[in-house]
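Let's take a friendly walk through this protein together. Have a look at the sequence and the structure first, and then read on.

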Amino acid sequence: MKKRLALMLALVVLFVSTFGTTISFAFTNDSYTWKTVPINGGGFVTGAVYNPSQNGLLYVRTDVGGAYRWEPSSKSWTPLMDGYAPSDDMGVLGIATDPTDVNRVYMMTGLYTQSWAGYGSFCSSTDKGATWTKTKLPVKVGGNEDGRNSGERLQVDPNLSSTLYMGTTKDGLYKSTDYGKTWNKITTFTPSDVNFVCLDKDSSSSGTATKRIIVGTNSLTNNLYMSEDGGTTWNLISGAPSNYSPVRFDINSGVLYVTYAGGDISYLPGPGSASSGVIYKYSISDKKWTNITPAGQGTYFGFGGISVDSKNPNIIVAATLDCWWPGDMIFRSTDGGKSWTEILRAGTRDESKAPWFSKSNIGWIATIQIDPYNSDNAIFTTGGGVFMTNNLSSSKVVWSYEDSGLEETCTLELKSPPTGTNLISALGDVTGFKHDDLTKAPTSTLNGGFGNNECVDYAELAPSKFVRAQNVKVDTAYGSYSNDGGSTWTEFKNFPSDVEGTKYIAISADGSSILVSPYIKGSNYSTTDTYFSKDNGSTWTKCTGLPQTIKPVSDRVNPNKFYAFDCYTGIVYISTDGGATFSTGASNLPTLPSWLSGEMRAVFGKEGHLWITSSNNGLYYSTDSGKSFTQVSNVTEAYKVGFGKAAVQGGYPAIYIVGIIDGTYGFFRSNDQGASWTRINDDAHQFGASISVITGDPKVYGRVYLGVGGRGIKYGDISGSSSVKYGDINGDNKINVLDYLLLKRYINNTNIKLPSDNSLKAADLNGDSKVDSSDYVLLRNYLIHKITQLPVK
């Protein structure tokens with residue numbers, strides 16, 4: 001026995017330096033499984049493109065949520081850009097699929113073209129979007145600007161696929177002859193704002209660059225150009241309709257079909273601004289225009305999507321643009337446009353995959369496309385998702401809402417209470433949802449109308465009581481409350497005057513006090529003073545001591561305490577009387593410029609514990625109700641913070657952040673109050689868009705929810721495949737003196753980092769949900785064969 005102890009002690013000395021290396025990681029990694037909290041709809045899908053050479057190969061693009069590929073077998077969409085770190089690339093202004101090499105697909109990406117915006121990107125894939133190569137473009141791309149519904153601007157030459165054309169909205173027309181690796185501006189084409197690029201396959205033979213190119217530009221006159229020599233020279237197409245901007249096109253057998261929208265050219269080609277419209281077709285050989293607008297239509301709205309059946313040019317479908325009431329229409333012609341039948345309103349809608357959408361009008365139809373392989377299949381895209389049919393020739397077309405996997409809602413707030421429902425969300429445009437089941441789309445939105453719900457909160461000590469902030473007044477107020485966990489809602493009886501919408505809302509821990517920060521009427525979404533109510537919104541009184549445009553936060557234990565943080569002045573405000581008055585707390589926190597933001601969150605179960613993100617200034621916490629703060633030294637940048645169930649019973653709640661540690665961007669979890677961190681995502685799960693909110697689940701350890709701007713709601717759980725081997729503290733699949741030493745050092749100094757959360761589970765050798773000296777005594781006894789089984793219970 002003594003020899004074994006002596007050997008063990010010798011090994012301890014020998015491996016001291018090794019252990020020092022083992023625990024010196026800036027952060028560890030944990031394996032997570034990421035899933036979508038299904039909404040199955042929402043968000044503007046701005047384009048759809050079929051590949052003509054592979055049955056069922058279909059792509060869609062969105063304005064802020066990236067691109068997706070259709071999976072016919074599962075009738076769902078695969079997101080193609082989840083491996084992108086947050087960037088402007090989630091605005092996809094153009095997408096093109098190679099008609100000869102079905103594995104190749106391309107995108108032009110970027111969100112904005114204003115002076116402060118960065119340059120766009122060109123993204124190419126040779127595996128149908130599974131992986132991408134990205135290069136910066138010499139132009140800006142406005143994937144979330146007016147005109148994003150028109151197109152397509154990006155085209156692959158159908159006769160020579162190494163050649164691509166790209167139309168821009170500010171800088172004219174570009175051409176590549178090396179699969180998009182390099183681009184050159186076509187200087188002979190002088191207009192700057194391109195709506196679409198059309199390549200006439202019939203103008204050349206296979207293997208030779210297409211000669212005839214037609215470009216539509218955003219102008220009410222002189223807006224269609226044609227080149228017959230591959231883009232060397234250009235001529236206006238005469239006789240085109242005036243007072244309209246061309247929106248979309250199709251071409252078949254020498255005939256060009258164009259939809260038009262009229263109105264204020266500053267906002268054309270839409271969406272949202274078309275006040276008139278027509279549809280024309282142009283016979284290229286005899287240079288003849290024919291008006292084929294559905295009779296009596298287009299007098300107060302425009303036209304957008306159009307598609308000609310590749311198997312029968314007499315069959316055409318076309319969609320209206322901005323027919324606000326009673327909603328957009330789709331027309332079908334079987335005689336080349338001489339006569340039309342309306343098939344959307346006259347048909348039926350199947351929204352069984354997202355029942356909540358059934359109360360919505362269909363608007364902002366961007367495109368409609370007939371499947372080149374099956375004339376009965378078609379897709380159209382809208383401001384709220386995608387509809388598809390497989391009986392287009394029927395007298396009563398059935399349009400199915402097919403958005404499984406395509407999640408483009410913008411999440412503004414998430415709350416997971418300690419009892420009751422799993423999750424309640426506040427979303428842009430579609431109000432928000434109550435998710436009792438994380439695997440199913442809800443049957444309805446939070447009742448009380450559509451529009452933005454900017455914020456939602458619950459009373460920590462009475463978690464069935466919720467409040468939410470709205471930008472739409474249904475009857476009396478821009479906010480409401482629920483006493484049954486979010487199942488039903490009651491609008492506040494009154495509201496502060498001269499406001500239109502609420503930005504922030506908070507409720508005290510016991511639900512007795514509600515604070516709101518409304519928008520000033522006519523101010524273009526600037527918030528005004530903060531108000532409090534002690535009677536569920538029947539009366540409101542202005543809070544004193546707070547600046548305008550500030551978010552109140554309730555203490556999660558003490559009902560009398562509220563806080564607020566001004567990230568632009570670095571000042572914290574504290575209330576101890578239920579939000580009636582505030583005084584200044586810490587005033588020396590770092591400040592941020594106007595284009596960055598920080599946030600404050602309060603920890604459940606810990607009175608006075610506050611955490612602040614300050615973007616590139618890092619992460620800070622307070623344990624004295626905001627009077628002073630300590631910086632977390634190992635976090636370089638922090639953007640969002642939230643809290644979930646502790647790793648061990650009675651421990652500090654798990655902390656989740658979105659930020660940068662040791663030069664790596666990611667989502668991180670800490671089980672020891674920020675002393676050490678574990679990265680819980682990988683480079684394949686970054687979700688492309690900015691994370692608007694992160695919060696843990698107080699009921700399930702390790703579960704975390706993400707609100708993703710333009711990618712809906714994600715949640716992650718620790719991968720169930722990683723089994724715990726008790727005693728294997730360092731994760732090398734062995735139980736030896738290395739584990740003993742690491743465990744002892746950790747117990748003596750909890751700043752020591754363990755390799756993963758499995759290490760904590762593996763260290764709980766007596767099964768009491770704690771890791772302490774009794775556990776390393778058990779491990780020692782196991783190593784010297786005094787006991788033969790772990791864990792010991």
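How many bridges join β35 to strand β36? There are six, and β35 and β36 (residues 462–470) run antiparallel. Strands here are DSSP runs of E with at least two residues, numbered from the N terminus, and two of them pair if DSSP finds at least two bridges between them.

This is a predicted model, where local features need pLDDT of at least 70, side-chain atom pairs count only at pLDDT 80 or more, and totals for chains, interfaces and linings use all residues. Residues are numbered from 1 along each chain as its sequence is written, and side-chain values use heavy atoms, leaving out hydrogens and water.

Now step back to the whole sheet. It is open and has four antiparallel strands in the order β35-β36-β37-β38. At its edges are β35 (453–459) and β38 (490–491), each pairing on one side only.

Next, visit the largest nonpolar core, which has 33 residues. Such a core is a set of buried (under 20% relative accessible area, 1.4 Å probe, protein chains only) Ala, Val, Leu, Ile, Met, Phe, Trp, Tyr and Cys residues joined through side-chain atoms within 4.5 Å. Trp 34 and Met 107 are among the residues with the most contacts inside this core. Strand β52 gives the most to it, with four residues. Apart from this core lies another, of 32 residues, including Leu 392 and Tyr 715.

Finally, find Gln 369 in strand β28 (residues 367–370). Gln 369 counts as buried because its relative accessibility is 18%.

Key: Buried means under 20% relative accessible area, exposed over 50%, partly exposed in between (1.4 Å probe, protein chains only).
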